Amino acid sequence: AAGDDARALLDAGIAQEPLLVTLALARLKIQHPRLQALLQHNLVRFLRRELANSGLFFELFRSCDKKTMLVFFCNLHRKDAALTRHILDVLAELGLANDMLLVPKREDIMMLDFIVELAIVASRRGMIVFESWFPGLLAELGSEMLHASLDILHAKLQLEAVRQRGEDKGTTACSSAELATMFKALGTAAMSPNNAANLKALYAQFLELADELQRAEGERAVDDGQIEKEAESLFLRLYRGELSVDQMADTLQDLRDSLRVGQRRTFAHVVQYPLEEFPFFDNYPDKELAITGQLVGTLVQRHMLPPASEPAIMDMLLKALQAPAASKSFHFGMTALQACQARLEQLPVFCTAVCQIPGFRQSAGMPVVALVQSIIGAALPASGPSQEAGAAGSHGGSGAEAGARADGAAVAASRVFLSVRPPVLPAVGEPFAEPSEDTRDKIQFAVNNLARSNLGEKTGEVGRLLQARHFVWFSREVVVKRASQEPNYHALYLHFLDALDRPLLARCILCETLVSIARLLNAESTIHSSRDRGYLKNLGAWLGGITLARNQPILRENVSFKELLCEGFRSQRLIVAIPFVCKVLEQAARSTVFHPPNPWLMGIMAVLSELYGQANLKLNLTFEIEVLCKALALDVKEIPPAAVLNRPAELSTADALAAELSK
């Protein structure tokens, strides 16, 4: 009776609070078979988004016990390979996909089959290139993964043989190209005679299955016209109401992860369609345009856009929101934004750019506007010093300093990286303020059309319009909307600023750069969003470009790089700290003062050397350090390591680092 009561209580809990009960079962690591089955059943339902708050569930699960969560994922994959793509969706949303794919550790060998399958699905999505990923993994892990790799090949070939014999109609064929990649990489690896004989036998079996395997993949030529017709057919069904937006997204997920190249091309064409049609959106019927906006927002929300396409889609949304508030393009952008609200918190830099658009700010009654503004308040600067601070500044400059200190205080609140301390804004003798809408539009138009061929002309246009009180606004335009997102144009923007020749503007640019860096370093979303980490790296290169590359120092009172690396090590945020520092220091290669063997530079390199040798870094972080060393013509293995990482936390601040920092 007691057992029946307990089961009834558990069933009631599952029905009312599936998230909390499932999370509790996972954390307790229950061994009872019935409870294990119940836990796995609910995990699958959360993976398939059949239960509410699936994103929150996995975020909490990861926070409580990431290792256990990954083990559960591996076991679920082994029971049902169809779940692998749902697992990859979750890992991508949690920002863990790169950890699993780019930096597997030797202790992960036991789940190599799971990691390889994740890589295959990720490759089909354009996240990685399997043809280079698997050989790179083999080179990294060496002989330790040989036996596991042979087991994976054996299992895949057995499944394919069963499928070809017609004994299992439901088994999905594996890709001949993916198998060929594995065979090619293993064929060049040193291995025992026994393993070599096994590999040869498996390859012979592969050749027997290859013709039918290629037929199953549908590799026969599918012309562009057919792909275009299939994509248009999907949109017609969507617009006619035969498919809901969610059903369309589900269909696109199937196409994206399909074994058939033709179906993956159809998915790519559907993603490209809004980009190609964007110039004509003002001619679209209201209903079809709203549906298109909902679809684009849903694709962003679900992390479904390929890495090569997502920046273009996000830029398209920014352009749509910059259109007049009464235009159809603007309504398309707002519709898309509302459809991806749950994702916006992971995109603070994008939100910052959106919040600076006048038409968006004027739509204050919409919930998405309040959401974006709240995200900006927690992540990136949304506005300059207050009008009150600026007004005080007109009476001698103290208000400008107060405004900057207020900015600095906001940055300093609840942050991990205390080593980035933006300077105060310079006093310009009048309050800081945004220019009028007409002036703002003219300046933005000139900068949007800036090129080397018209540098003098555009500099003259901006110089005539830009006044000292606009410097804070213009600094955010350059840093947040340009430098953080357009690294290929850094040199052009630097030439432009040089041509403007406004020393006080240069100080405002430096201040805004450091404020934005501090915000991104400390934003929780930067840990999980590769896009935001990319923005941080871009700002690192920009900071180095406006200082080190021009033989200008980065003052320790503004950034203590050694302390920053120690903070990253202690807080387990090296994924944020190391790439940023490396991008800044790469610019020292262009300096005549700060290149090796400059003592300041080599002191920081010593800490990086210590991290490289002692911190058990993931593969992508060691790669960042190696790329930096190559740029500086150094060998990381020849750089004497520092000895600052293992000091107690209370001794690792500025006082404890004094000796090391002075080297």
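Tryptophan 542 touches Val478, Val479, Ala483, His490, Tyr493, Leu494, Leu497, Ile509 and Thr513, leaving aside residues up to four places away in sequence. These contacts belong to a predicted model. Trp542 is also listed, with Phe474, Phe580 and Leu611, among the residues with the most contacts inside the largest nonpolar core, which has 81 residues. A second, separate core contains 69 residues, including Ala26, Leu94, Ile109 and Val116. In soluble globular proteins, nonpolar side chains tend to be buried together.

The protein as a whole may be described next. Its secondary structure consists of 35 helices and 0 strands. The protein has 663 residues, of which 52% count as buried. Among contacts between residues at least 6 apart in sequence, 73% join residues at least 24 apart. The accessible surface amounts to about 29700 Å², and carbon and sulfur atoms account for 53% of that area.

Aromatic rings form a further topic. The structure holds 23 aromatic pairs. A pair of aromatic rings is described by the distance of the centres and the angle of the planes. Two of the pairs are set out below.

| Ring pair | Distance of centres | Angle of planes | Arrangement |
|---|---|---|---|
| Phe58 and Phe73 | 5.7 Å | 55° | tilted |
| Phe61 and Phe72 | 6.1 Å | 55° | tilted |

Phenylalanine 58 has a relative accessibility of 2% and therefore counts as buried, since buried means under 20%. Phenylalanine 73, at 1%, likewise counts as buried. Phenylalanine 61 and phenylalanine 72 are buried as well.

Definitions and conventions. Residues are numbered from 1 along each chain as its sequence is written. This is a predicted model: local features need pLDDT of at least 70, side-chain atom pairs count only at pLDDT 80 or more; totals for chains, interfaces and linings use all residues. Side-chain values use heavy atoms; hydrogens and water are left out. Helices (H or I, at least four residues) and strands (E, at least two) are DSSP runs, numbered from the N terminus. Buried means under 20% relative accessible area, exposed over 50%, partly exposed in between (1.4 Å probe, protein chains only). Contact means heavy atoms within 4.5 Å. Accessible areas come from the Shrake-Rupley method with a 1.4 Å probe; for residues, only the protein chains shown count as cover. A nonpolar core is a set of buried Ala, Val, Leu, Ile, Met, Phe, Trp, Tyr and Cys residues joined through side-chain atoms within 4.5 Å. Rings of Phe, Tyr and Trp (its six-membered ring) pair if their centres lie within 6.5 Å; planes under 30 degrees apart count as stacked, over 60 as edge-to-face and the rest as tilted.
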